[in-house]
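Subject: Two-chain model, handover and notes

Dear colleague,

Please find below the structure I promised to pass on to you. My notes on what was found in it follow directly after.

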Amino acid sequence: MAAFEYRQAEEIRDALARHGVRYLFIGKSGAILLGFPDTTQDADLFVEKEPANARALVEGLRELGFALTSEQSAEIERGKDFVQLKNGPFDLDLVFAPDGIERFADAWRRRVDVDGFPVCHLDDIIASKEASNRRKDNESLPRLRSFRHYWLRHRR
Amino acid sequence: MSGQEESPIPIPSDWLEEFEAAARRPLPLRFRYAFVKTYKPVLDDAPYRAFETMEDYRRWCEECLPDWLGYGRV
């Protein structure tokens, strides 16, 4: 599998918009959309955990080329907290209940639009990484917090 | 959540240079520099995984992934 490309991010944005899916880019992929210079492997989407939204998501994922079985679709629609997809044109992590963010509605209200991409506010991205308390996140947090100060001063 | 009213902390000069350079790049170019692909053992070996709770996922990461990947909690 090749690295995730910008045109694939556009495909996610456009397909999920067509299906009316409420989601946000989160994690390092979200930070990168906000301008954070770093490397990552996958895109992470924070998806609103509502049955109708999950059904729309499954339709959007199928349109994008993810080969979901009926059982997998049902699992996503039932609302698992975390789903890893490596059965499509690119790898995608679906997070329905990220650590450190209490409600999707709060993150949605604070979201940032970057060229039509709905992105979690950097404070939410940092909060979720702090709450997950993984070694790989803890290593990137000092630089991410520094970027937050830069971003708050310079964001347009 | 971090408050926006905090007084700014100094940003290390090398990081500041990187932030400013990134800000000058168009988004597609930022993507090209940011997304890389390397094989991650175990993690990349199944086409689909789903976890009922985040706690289940975190526990699976700690029990099944090599420690050096960094997915374990501190």
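How many salt bridges are there between chain A and chain B? The count between these two chains is eight, where a salt bridge is a side-chain nitrogen of Lys or Arg within 4 Å of a carboxyl oxygen of Asp or Glu. Over all chains, the count by this rule comes to 30.

Before the details, please note that this is a predicted model, in which local features need pLDDT of at least 70 and side-chain atom pairs count only at pLDDT 80 or more, whereas totals for chains, interfaces and linings use all residues. Residues are numbered from 1 along each chain as its sequence is written, chains are lettered from A and ligands numbered from 1 in the order in which they are written, and side-chain values use heavy atoms, with hydrogens and water left out.

The interface

Contact, meaning heavy atoms within 4.5 Å, involves 58 residues of chain A and 49 residues of chain B. Together the two chains bury about 4,800 Å², 57% of it on carbon and sulfur atoms; buried area here is the accessible area (1.4 Å probe) that two parts lose on being put together, summed over both. Across the interface there are 24 residue pairs in polar contact, both residues being at pLDDT 80 or more; a polar contact is a pair of N or O atoms within 3.5 Å, and within protein one must be able to donate a hydrogen and the other to accept it, while residues adjacent in sequence count only if both atoms are side-chain atoms.

On the side of chain A that touches chain B, α1 (6-18), α2 (27-33), α4 (70-78), β3 (82-85), α6 (122-132) and α7 (135-154) each supply at least two residues, helices (H or I, at least four residues) and strands (E, at least two) being DSSP runs numbered from the N terminus. The largest share of that side, twelve residues, comes from α7(A).

The strand β3(A)

β3(A) pairs in the antiparallel sense with strand β1 (residues 48-51) of chain B over four bridges, pairing being assigned if DSSP finds at least two bridges between two strands. In this pairing A:Val83 stands opposite B:Ala50. Within chain A, four bridges join β3(A) to β4(A), again antiparallel, with A:Leu85 opposite A:Leu92, and a hairpin joins β3(A) to β4(A) through six residues. A:Phe82 and A:Gln84 point one way from β3(A) and A:Val83 and A:Leu85 the other way, and all are buried, that is, under 20% relative accessible area, with exposed meaning over 50% and partly exposed in between (1.4 Å probe, protein chains only).

Individual salt bridges

A:Arg143 forms a salt bridge with B:Glu18, the closest N and O atoms being 2.2 Å apart. A:Asp42 and B:Lys40 meet at 3.6 Å, N to O; A:Asp42 lies in the loop between α2 and β2 (43-47) of chain A and B:Lys40 in the loop between α2 (27-34) and β1 of chain B, so the pair joins two chains. Both A:Asp42 and B:Lys40 are buried. B:Asp44 and A:Lys86 form a salt bridge at 3.0 Å, N to O, and A:Lys86 counts as buried at 14% relative accessibility. A network of salt bridges links A:Asp42, A:Lys86, A:Asp91, B:Lys37, B:Lys40 and B:Asp44.

Best regards
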